[in-house]
Amino acid sequence: YSRIQFDRTRELDAWSHALRTLAGRVKDVWGFANNHFAGHSPSTARDLQKLIGQQPVMPEELREQKSLF
């Protein structure tokens with residue numbers, strides 16, 4: 001898509017609240033995002049990290065991927 005189809009801000013806020021209530025009670029939480037409505041699920045995952053107070057790793061901070069060929 002060339003634009004956001006559905007704004008999922010309310011859902012992200014709800015998930016961030018749920019995750020913050022788990023802080024200190026669980027060791028690991030795994031999450032998956034299928035965000036074809038906004039076009040880029042890694043960006044959605046980074047937005048959620050910010051909402052729960054984590055510092056996400058930005059793509060420009062990663063090293064260049066080596067070629068397979």
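**Pockets and helices**

Modeller: Helix 2 contributes the most to the lining of the second largest pocket, with 3 residues. Helices here are DSSP runs of H or I, at least four residues, numbered from the N terminus. Keep in mind that this is a predicted model: local features need pLDDT of at least 70, side-chain atom pairs count only at pLDDT 80 or more, and totals for chains, interfaces and linings use all residues. Residues are numbered from 1 along each chain as its sequence is written, and side-chain values use heavy atoms, with hydrogens and water left out.

Biologist: Which residues line the second largest pocket?

Modeller: I4, F6, D7, R8, T9, L12, N35, A38, H40, S43, T44 and D47. Helix 1 and helix 2 are the elements that give two or more residues to that lining. A pocket, on a 1 Å grid over the protein atoms alone, is an open set of points where a 1.4 Å probe fits, with protein on both sides within 12 Å along at least five of seven lines; lining residues have an atom within 4 Å of a point.

Biologist: And how much space lies in the second largest pocket?

Modeller: About 200 Å³, where a volume is the space filled by probe spheres set on the grid points. Its lining has 4 nonpolar, 5 polar and 3 charged residues. Ala, Val, Leu, Ile, Met, Phe, Trp, Tyr, Cys and Pro count as nonpolar, Asp, Glu, Lys and Arg as charged, and the others, Gly among them, as polar.

Biologist: OK, what about the largest pocket? Which residues are closest to its centre?

Modeller: The largest pocket holds about 910 Å³ of space. It is lined by 27 residues, and L19, W30, G31, F32 and L48 are the closest to its centre. The lining divides into 16 nonpolar, 7 polar and 4 charged residues. Helix 1 supplies the largest share, 7 residues.

Biologist: Switching to T9. Where does T9 lie?

Modeller: In helix 1, which covers residues 9-22. The side chains of T9 and D7 are joined by a polar contact of 2.5 Å; that term means a pair of N or O atoms within 3.5 Å, where, within protein, one must be able to donate a hydrogen and the other to accept it, and residues adjacent in sequence count only if both atoms are side-chain atoms. T9 and T44 are 35 residues apart in sequence, yet 9.7 Å apart in space, C-alpha to C-alpha.

Biologist: And S16, buried or exposed?

Modeller: S16 is buried, because its relative accessible area is 2% and buried means under 20%, with exposed over 50% and partly exposed in between (1.4 Å probe, protein chains only). Its side chain reaches the backbone oxygen of D13 at 2.8 Å. Leaving out residues up to four places away in sequence, S16 touches L48, L51 and I52, contact being heavy atoms within 4.5 Å.

Biologist: Which residues of helix 2 are buried?

Modeller: T44, R46 and L48. The buried residues of helix 2 pack against helix 1.

Biologist: Last one: how many salt bridges does the structure hold?

Modeller: The structure holds 1, between the side chains of R8 and E11 (3.5 Å, N to O). A salt bridge is a side-chain nitrogen of Lys or Arg within 4 Å of a carboxyl oxygen of Asp or Glu. R8 is partly exposed at 34% relative accessible area, and E11 is partly exposed at 36%.
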